[in-house]
Amino acid sequence: MVSTFHCSECGTRLYAQSDGNPSLVNIFAPTLDDTSGYEPVSNVYLSETANWIAPDDKLFNFEKMPSF
């Protein structure tokens with residue numbers, strides 16, 4: 001199971017955390033003012049992407065949220 005955490009004022013999703021591995025935290029990039037200091041390490045929910053999306057094979061790619 002995955003828990004998502006939201007802003008208490010506006011409801012925006014801020015991050016998600018896997019119950020299977022609490023050290024795995026996914027920060028939603030649109031919540032960051034400056035993303036230049038971060039590099040993506042994975043793609044999640046590829047099962048729901050548009051057919052024109054080509055995920056980078058150098059990243060960890062998951063069809064759904066991993067539970068490890």
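A nonpolar surface patch of about 390 Å² is formed by Phe5, Leu14, Tyr15, Val25 and Ile27, and the elements that contribute two or more residues to this patch are strand 2 (13-18) and strand 3. Such patches consist of residues with over 30% relative accessible area and no salt bridge, with nonpolar side chains (Val, Leu, Ile, Met, Phe, Trp, Tyr) joined within 5 Å and like charges within 9 Å; a salt bridge is a side-chain nitrogen of Lys or Arg within 4 Å of a carboxyl oxygen of Asp or Glu, and accessible areas come from the Shrake-Rupley method with a 1.4 Å probe. Leu14, a patch member located in strand 2, is partly exposed at 31% relative accessibility, where buried means under 20% relative accessible area, exposed over 50%, and partly exposed in between.

The model is predicted, with local features requiring pLDDT of at least 70 and side-chain atom pairs pLDDT 80 or more, whereas totals for chains, interfaces and linings use all residues. Residues are numbered from 1 along each chain as its sequence is written, and side-chain values use heavy atoms, with hydrogens and water left out.

The protein chain contains 0 helices and 5 strands, in the order β-β-β-β-β from the N terminus; helices (H or I, at least four residues) and strands (E, at least two) are DSSP runs. Along its principal axes the C-alpha trace spans about 35 × 30 × 25 Å, and of the 68 residues 10% count as buried. Thr4, in strand 1 (residues 2-6), is partly exposed at 36% relative accessibility, and its C-alpha lies 26 Å from that of Lys58, a residue 54 positions apart from Thr4 in sequence.

The largest pocket has a volume of about 730 Å³ and is lined by 23 residues, of which Asn26, Ile27, Phe28, Ala29 and Ser42 lie nearest its centre. Strand 3 (25-27) and strand 4 are the elements that give two or more residues to this lining, the largest share, 3 residues, coming from strand 3. A pocket is an open set of points on a 1 Å grid where a 1.4 Å probe fits, with protein on both sides within 12 Å along at least five of seven lines, and lining residues have an atom within 4 Å of a point. By class, the lining comprises 17 nonpolar, 4 polar and 2 charged residues, with Asp, Glu, Lys and Arg counted as charged, Ala, Val, Leu, Ile, Met, Phe, Trp, Tyr, Cys and Pro as nonpolar, and the others as polar.

Notes: Points joined across faces, edges and corners; volume = space filled by probe spheres on them. Buried < 20%, exposed > 50% of the residue type's maximum accessible area, 1.4 Å probe, protein only.
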